[in-house]
Amino acid sequence: QNPDVFRNPGSDTFIVFGEPRIEDLSQQNTMDAAKRFSDDNPANRYGQAPTASSRPGQLPALEESDDDEEVDATGVEEKDIDLVMSQAGVSKNKAIKALKNNNNDIVNAIMELTM
């Protein structure tokens, strides 16, 4: 079962008699994560209990905006708005407001919305 391992005293050379096995901890973590995702119980996913609106394979719903009025998007690029919306999971109005609050800095806008 266990291999015999001998080290050459003059160098860093090892001699192994038997079947050598390398314990790969990252592989074990990957297998554990795969098992969690393949589990049929949604409560095990992401370490939290499922909400009423969550279903397996469904992305979380975007947060609803408190105001339905249209926000002026002048000076803000559409691709920046889309990126902030997708990364922070917020409405278009909130993404525009966050970008304007942070001088069109995408990273800081996302941080403002997610922290």
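Contact here means heavy atoms within 4.5 Å. Among contacts between residues at least 6 apart in sequence, 31% join residues at least 24 apart in this protein.

This is a predicted model, in which local features need pLDDT of at least 70 and side-chain atom pairs count only at pLDDT 80 or more, while totals for chains, interfaces and linings use all residues. Residues are numbered from 1 along each chain as its sequence is written, and side-chain values use heavy atoms, with hydrogens and water left out.

## The overall layout

Let's start with the elements. Helices (H or I, at least four residues) and strands (E, at least two) are DSSP runs, numbered from the N terminus. The protein has four helices and two strands, and from the N terminus on the order is β-β-α-α-α-α.

Now for burial. Buried means under 20% relative accessible area, exposed means over 50%, and partly exposed is in between (1.4 Å probe, protein chains only). Of the 115 residues, 17% count as buried. The accessible surface comes to about 9,400 Å², and carbon and sulfur atoms account for 51% of that. Those areas come from the Shrake-Rupley method with a 1.4 Å probe; for residues, only the protein chains shown count as cover.

## The hairpin

Two strands pair if DSSP finds at least two bridges between them. Here, four bridges join β1 to β2, and the two strands run antiparallel. Together β1 and β2 form a hairpin, with six residues between them. Phenylalanine 6 has isoleucine 15 of β2 as its bridge partner, and arginine 7 stands opposite phenylalanine 14 in β2.

Leaving out residues up to four places away in sequence, Valine 16 touches Pro3, Asp4 and Val5. Valine 16 counts as partly exposed because its relative accessible area is 36%.

Valine 5 is found in strand β1 (residues 4-7). Val5, Phe14 and Val16 form a nonpolar patch on the surface, with about 270 Å² of accessible area together. As for the rule, patches are made of residues with over 30% relative accessible area and no salt bridge; like charges are joined within 9 Å, and nonpolar side chains (Val, Leu, Ile, Met, Phe, Trp, Tyr) within 5 Å.

A nonpolar core is a set of buried Ala, Val, Leu, Ile, Met, Phe, Trp, Tyr and Cys residues joined through side-chain atoms within 4.5 Å. The largest one has 13 residues, and those with the most contacts inside it are Ile81, Val84, Ala95, Leu99 and Ala109. The elements that give two or more residues to this core are α2 (78-88), α3 (92-101) and α4 (106-114).

Which residues of α3 are buried? They are Asn93, Ala95, Ile96, Ala98 and Leu99. An α-helix has 3.6 residues a turn, so residues three or four places apart point the same way. What covers the buried residues of α3 includes α2 and α4. Alanine 109 touches Val84, Ala98, Leu99 and Asn102, again not counting residues up to four places away in sequence. Just after α3, asparagine 103 takes a positive phi of about 50°.

## Salt bridges

A salt bridge is a side-chain nitrogen of Lys or Arg within 4 Å of a carboxyl oxygen of Asp or Glu. By that rule, the count comes to three.

| Salt bridge | Closest N to O distance |
|---|---|
| Arginine 7 and aspartate 12 | 2.6 Å |
| Glutamate 77 and lysine 79 | 3.8 Å |

What does the glutamate 78 and lysine 92 pair tie together? Glutamate 78 lies in helix α2 and lysine 92 in helix α3, so the pair ties together parts that are 14 residues apart in sequence. Glutamate 78 is partly exposed because its relative accessibility is 41%, and lysine 92 is partly exposed too, with a relative accessible area of 32%.

As for the other pairs, arginine 7 and aspartate 12 are both exposed. Glutamate 77 counts as partly exposed at 45% relative accessibility, whereas lysine 79 is exposed, with a relative accessible area of 57%.
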